[in-house]
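Work through the exercises below with the sequence and the model in view. Each task is followed by a worked solution.

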Amino acid sequence: MTIELNRSYFFDAGLRFECRQCGTCCSGAPGTIYVAPHEIDPIAARLGLPVPEVIKRFMYPCKDGWSIHEDAHGHCRFFASGCTIYSVRPHQCRAFPFWFRHLRSESRWHRITRQCPGIGQGRCYTHEQILTLARSTMGL
């Protein structure tokens, strides 16, 4: 699983994206919502709770950090008509939709495009920015 720097990709001219906070990426099939250790303090501050309480109520151990619990329907516990921690959401969330699995092929990109109303809107991410985001989430 690698991203080659010196090859052509369908997104060489860039891709537009602006989050609409619709919750499509925050719900659905179960998955891991990775939270790095340095991301806990800002989340706790946003919620006005001590770090141990945030971990106890909303997270479980994952790799060298945590993952956010989901409800019975597969929704992130921080999603309620929008992300309740949007300004301090984890890097994995910030990098969406530029996850490696969505960028593996143009057909995979078109599949996620049909689900997310923010794709094709807003600012244009450059080829380099997209590769940086994709690389940053490959191990998650």
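**Exercise 1.** Which element gives the most to the lining of the largest pocket?

Solution. This is a predicted model, in which local features need pLDDT of at least 70 and side-chain atom pairs pLDDT 80 or more, while totals for chains, interfaces and linings use all residues. Residues are numbered from 1 along each chain, and side-chain values use heavy atoms, without hydrogens and water. H5 gives the most, with four residues. Helices (H or I, at least four residues) and strands (E, at least two) are DSSP runs, numbered from the N terminus.

**Exercise 2.** Describe how helix H1 and helix H2 pack.

Solution. Start with the geometry: the axes of H1 (residues 37–47) and H2 (residues 51–58) lie 9 Å apart, at an angle of about 90°. Axes are lines fitted to C-alpha atoms over the stretch in contact, with angles from 0 to 180 degrees between N-to-C directions. H1 is therefore roughly perpendicular to H2, a term for angles of 65 to 115 degrees. Next, find the contacts (heavy atoms within 4.5 Å): Ile40, Asp41, Ile43, Ala44 and Leu47 in H1 meet Val51, Val54, Ile55 and Phe58 in H2.

**Exercise 3.** How many bridges join strand E3 to strand E4?

Solution. Four bridges join E3 (residues 59–62) to E4 (residues 65–68), and the two strands run antiparallel. Strands pair if DSSP finds at least two bridges between them. One of the partners is Ser67 in E4, bridged to Tyr60. Two residues separate the strands of this hairpin, and Lys63 in the turn has a positive phi of about 50°.

How values were computed. Angles under 35 degrees count as roughly parallel, over 145 as roughly antiparallel, 65 to 115 as roughly perpendicular and the rest as oblique.
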